[in-house]
Amino acid sequence: MKFNSKSKALVAALVVALLLLPFITDALFGRGWVRIVDFAMLYIMLALGLNIVVGYAGLLDLGYIAFFAVGAYCYALAGSPHLALAFPMMFPDGVHLSFLIVLPLAALLAGGFGVLLGAPTLRLRGDYLAIVTLGFGEIIRIFLNNLNSPVNLTNGPQGISRIDPVSVANVRLSATQNVLGIEFPSVHLYFYLFLAFTALVIFASRRLERSRIGRAWMAIREDEIAASAMGINTRNLKLLAFAMGAMFGGASGALFAGFQGFVSPESFSLMESIMVLCMVVLGGMGNISGVILGGVLLAILPEVLRHIVVPLQQSLFGKTLIDPESLRMLLFGTALIVMMLYRPAGLLPSRVRRRELDSDEVPESIGRNQA
Amino acid sequence: MMVETTLLKLSSVGKQFGGLSALSDVSLHIRRGEIYGLIGPNGAGKTTLFNVITGLYQPSVGEFQFNGQGYQACKPHVLARAGIARTFQNIRLFANLTALENVMIGRHVRTRAGVLGALLRNRATRNEERAVVERARELLRYVGIEKPAQTLAKHLSYGEQRRLEIARALATDPLLLALDEPAAGMNATETASLKSLLQTIRDSGITVLLIEHDVKLIMGLCDRVAVLDYGKKIAEGIPEEVRKNPDVIAAYLGASHD
């Protein structure tokens with residue numbers, strides 16, 4: 001990637017700002033908000049993963065949270081005492097694998113589930129595909145809810161607790177660490193971990209988007225019949241899109257389990273799938289910066305609302321008239337309707353930049369957005 | 001060793017949709033390096049034949065050989081790899097991608113980079129990408145639309161879209177280029193320049209199969225012509241011969257009643 005000096009400075013400023021973000025947030029709003037920012041990062045990763053499936057390949061997936069669940073439970077089972085209950089002979093202390101092993105494992109497992117979902121849905125498109133994926137998401141959640149008998153694999157609705165925190169090279173992210181005289185509380189450490197992974201996901205998305213594979217996905221999105229007439233093996237590429245999206249979802253699920261220390265089926269409801277899909281749609285399908293914006297907005301705004309609405313009503317009326325949760329849904333619904341009317345392609349539609357580049361001075365380089 | 005002169009050979013191909021026989025017992029052969037025209041009244045089965053050849057439909061009976069190999073129940077992408085490229089009667093471009101990207105997608109089948117190549121962007125992948133862009137630009141120039149390379153396909157003019165479809169098809173390095181009514185909706189000037197483009201393509205060694213309604217274009221351009229009517233081939237030969245064939249005249253103008 002080539003940067004001119006101006007954009008180089010901009011990137012440097014952005015990096016510094018992101019590195020300082022947990023400290024600034026902590027100082028201004030308190031530690032609880034750093035945690036909220038951490039969750040926002042997880043949502044961004046999820047939305048970017050879903051963006052591969054929905055934004056690039058055009059496959060509407062309403063059960064995406066299932067892959068997040070698979071990753072989270074994979075991490076939970078491979079890093080908690082829970083399996084000692086189910087298999088006391090084999091694992092007397094449960095399983096405690098290293099984070100560096102479990103994370104790729106979770107991603108691969110979720111990727112496998114992605115193919116499992118993709119294979120029977122290859123002939124479906126649009127609303128039909130949406131219904132099947134929705135069903136898939138629910139199947140996974142219901143399995144997690146009920147797999148506590150005959151063998152207690154998931155501990156049912158109680159979920160799995162006492163999950164090992166993420167530790168990298170013997171540094172446990174669950175405890176405050178002291179580096180060069182600076183105190184890094186746990187939420188800050190997780191922030192940096194998530195930041196690194198988000199950067200990785202952005203990097204992978206960008207590279208995939210501007211590659212032979214990414215172009216083939218977009219061709220399928222635009223016109224599947226024409227794509228196959230141009231020699232694109234639509235079956236394999238759709239499966240690949242499902243698998244890649246699911247891998248990102250699974251990896252973020254594993255991070256979620258390590259961060260939270262507890263997983264239960266209710267974290268993986270249909271509403272969560274819809275939320276992630278809304279992030280992608282609101283921000284701008286197929287556009288990485290749009291999806292990030294959508295993720296930030298939808299993950300942070302409800303919290304802002306919660307912290308403003310209740311005190312505001314308390315001071316105005318002396319009691320809470322409207323519960324922030326229902327107000328959130330009201331605003332959310334209104335926002336989506338307004339969006340569909342005025343910006344149907346999302347806040348940052350993917351082609352704006354392209355049209356700016358429509359001038360004659362097209363760079364000779366391969367990537368079109370490399371400026 | 002004799003070089004096989006027949007590129008595409010259909011033997012008694014039939015296609016049924018429920019009780020409707022869209023094609024029955026169609027046999028024809030297309031020679032390398034010729035422009036082969038396929039004409040017939042509306043609903044005669046021309047596009048069905050096209051879809052069978054390009055793998056969108058599977059023939060109900062019969063078989064076809066392409067480049068000396070038999071193909072039975074093949075997916076479109078397999079036939080594209082084998083060297084059959086097509087355009088569509090109602091243009092099917094990748095509307096929200098640029099003209100250049102449309103042609104680059106045509107290169108998919110002749111390139112190899114996978115996920116790992118995309119993520120690592122190693123030397124081989126970079127070289128391949130560069131070659132793809134170069135070839136795509138070359139093809140846009142070849143069909144005469146290099147200027148709007150960065151315009152979204154849906155914003156191109158109708159004639160440009162038709163040409164872009166041809167460029168995209170050529171990007172797959174086809175042996176046989178199958179064009180479904182490329183001159184539909186074009187004015188006389190556009191048709192004339194399309195004609196010279198098709199001749200250039202033929203002269204570059206690519207065999208062309210052409211469905212067309214514009215009889216003047218067919219007669220002036222094609223080396224041989226086949227006529228379909230109600231799913232059957234009723235005539236085949238050089239254009240002058242076919243034009244005088246009484247069955248063809250009857251199919252187009254209606255049979256006389258005496």
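Two residues are in contact here if their C-beta atoms, placed from the backbone, lie within 7 Å. The model on screen is predicted.

**Stop 1: a helix over strands.** Select helix α1 of chain B, residues 46-53. This helix lies across five elements of chain B: β3 (35-39), β6, β7, β8 (207-211) and β9 (224-229). Turn the view to compare α1(B) with β7(B): the helix runs at about 150 degrees to that strand.

**Stop 2: the sheet.** Now show the strands of chain B in the order β6-β7-β8-β3-β9-β10, which form an open sheet of 6 strands with mixed pairing. At its edges are β6 (84-86) and β10 (232-237) of chain B, each of which pairs on one side only. On average, and with direction ignored, neighbouring strands in this sheet are turned by 20 degrees against each other.

**Stop 3: one strand pair.** Zoom in on β6(B) and on β7(B), residues 176-180. The two strands run parallel and are joined by 3 bridges. To find a facing pair, pick R86(B); opposite this residue, in β7(B), stands A178(B).

**Stop 4: the interface.** Bring chain A into view. Contacts between the chains involve 28 residues of chain A and 37 residues of chain B. On the chain A side, select α7 (186-209), α8 (212-222) and α9 (224-229), the elements that each give two or more residues to the side touching chain B. Which element of chain A gives the largest share of that side? α8(A) does, with 8 residues. Colour the chain A side by class to see 15 nonpolar, 5 polar and 8 charged residues.

Technical notes. Residues numbered from 1 in each chain as written. Chains lettered and ligands numbered in written order. Predicted model: local features only at pLDDT ≥ 70, side-chain atom pairs only at ≥ 80, totals over all residues. Helix = DSSP H or I, 4+ residues; strand = E, 2+ residues; numbered from the N terminus. Nonpolar A, V, L, I, M, F, W, Y, C, P; charged D, E, K, R; others polar. Pairing = 2+ DSSP bridges. Axes fitted to C-alpha atoms, helices over the stretch in contact; angles between N-to-C directions.
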